[in-house]
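Student: I would like to learn how to read features in a protein model. Could you take me through some of them step by step?

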Amino acid sequence: MPEPTALVRRGRLLRIGAAAAVLLAVVGYVALQYVYGGKREPRCTVVSGKDDGASYTFTAEQAENAATVVAAGTSRGMPERAVTIALATALQESGLRNITHGDRDSLGLFQQRPSQGWGDERQIMDPAYSAARFYEHLADVPGYSRLPLTVAAQRVQRSGYPQAYAKHEPDAALLAAALTGRAPAAFGCEGRPDAGTAAAGPARVRAALARDFGREVRPGGAPGRTVTVPVPARPADDRVSRRGWELAHWAVAQSSALHIDRVSYDGREWRAGGSGEWRKVRAAGAAGAGRAADEVRIVTGQ
């Protein structure tokens with residue numbers, strides 16, 4: 001048979017190279033499945049309280065940071081619109097991840113720069129601190145709640161791409177409605193424990209509550225692994241206790257990091273390891289899950 005031409009040889013080499021690349025990809029995938037057991041990162045989902053089918057799914061890490069951003073705002077008396085602006089900004093700047101890099105010396109959830117007076121590196125890498133600083137600057141923007149989100153965010157951030165904040169507004173609005181407590185039972189997580197964190201307990205839950213809510217929230221003692229958080233009586237014109245559902249959703253958002261097993265409030269209960277949905281329980285349910293809306297009960301894992 002005649003020798004293959006140079007063109008044929010080149011074609012064979014390309015096919016061999018492509019086959020090798022596919023083989024390497026398969027080997028890499030199998031290795032990852034072996035190391036990590038095929039388990040993906042724990043997920044969380046927020047749904048619309050308007051029954052319009054809108055939803056947003058994201059990671060447990062993002063949920064934890066989102067809950068901290070919201071608590072930093074509500075604890076300072078900032079309205080839901082301010083929380084929406086903050087969440088959309090963090091989604092654009094960092095994807096709600098507390099990253100250690102960025103443009104020039106930018107850091108953290110909001111990509112704040114130590115050289116521009118936002119704080120030192122340690123402070124900016126604290127989500128509660130960085131969120132508080134964002135709200136401080138936002139509060140100084142005249143009429144921010146009436147401005148388009150892109151304009152309000154840009155007055156604080158001074159980004160090179162101010163219009164980019166707009167694409168995150170729908171997801172940020174869903175998160176804000178749930179995590180401020182306006183939309184009850186609208187936020188759920190799988191709650192699988194984060195492999196990178198040690199087993200937690202009531203003390204760590206109380207410390208996290210103090211970190212995010214300050215003195216406004218005073219968790220009480222309870223037997224064993226349970227933390228109880230008193231909820232103020234809601235005003236007569238409120239359909240739900242926003243503070244109660246904010247605290248309940250906050251606990252679910254922290255479930256992977258703090259190894260929280262169950263959260264119950266106002267006749268509903270969330271359990272780790274399931275679908276992430278809140279389920280109605282009877283008054284005699286486990287751990288007092290069916291109590292009235294006077295406290296949130298958080299049960300840590302073993």
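Student: In which helix does threonine 84 lie?

Tutor: Keep in mind that this is a predicted model. Threonine 84 belongs to helix α3, which covers residues 80-94.

Student: Is threonine 84 buried or exposed?

Tutor: Threonine 84 has a relative accessible area of 6%, and because buried means under 20%, threonine 84 counts as buried. If its neighbours within four places in sequence are left aside, threonine 84 is in contact with Leu149, Glu169, Ala172, Ala173 and Ala176.

Student: How is a pair of aromatic rings described?

Tutor: The description uses the distance of the centres and the angle of the planes. In this model the count comes to seven aromatic pairs. One of them joins phenylalanine 58 and phenylalanine 187, an edge-to-face pair with 6.1 Å centre to centre and 65 degrees between the planes.

Student: Why does the pair of phenylalanine 58 and phenylalanine 187 tie together parts that are apart in sequence?

Tutor: Phenylalanine 58 lies in strand β2 (residues 55-59) whereas phenylalanine 187 lies in strand β3 (residues 187-189), so the pair ties together parts that are 129 residues apart in sequence. Both phenylalanine 58 and phenylalanine 187 are buried, and together with Tyr56 they form one aromatic cluster.

Student: Which aromatic pair do tryptophan 245 and tryptophan 278 form?

Tutor: Tryptophan 245 and tryptophan 278 form an edge-to-face pair, with 5.0 Å centre to centre and 75 degrees between the planes. Tryptophan 245 is in helix α9 (residues 242-253) and tryptophan 278 is in the loop between β6 (268-271) and β7 (279-280), so that this pair links distant parts of the chain, 33 residues apart. Tryptophan 245 is buried, with a relative accessible area of 3%, and tryptophan 278 is buried with 10%.

Key. Residues are numbered from 1 along each chain as its sequence is written. This is a predicted model: local features need pLDDT of at least 70, side-chain atom pairs count only at pLDDT 80 or more; totals for chains, interfaces and linings use all residues. Side-chain values use heavy atoms; hydrogens and water are left out. Rings of Phe, Tyr and Trp (its six-membered ring) pair if their centres lie within 6.5 Å; planes under 30 degrees apart count as stacked, over 60 as edge-to-face and the rest as tilted. Helices (H or I, at least four residues) and strands (E, at least two) are DSSP runs, numbered from the N terminus. Buried means under 20% relative accessible area, exposed over 50%, partly exposed in between (1.4 Å probe, protein chains only). Contact means heavy atoms within 4.5 Å.
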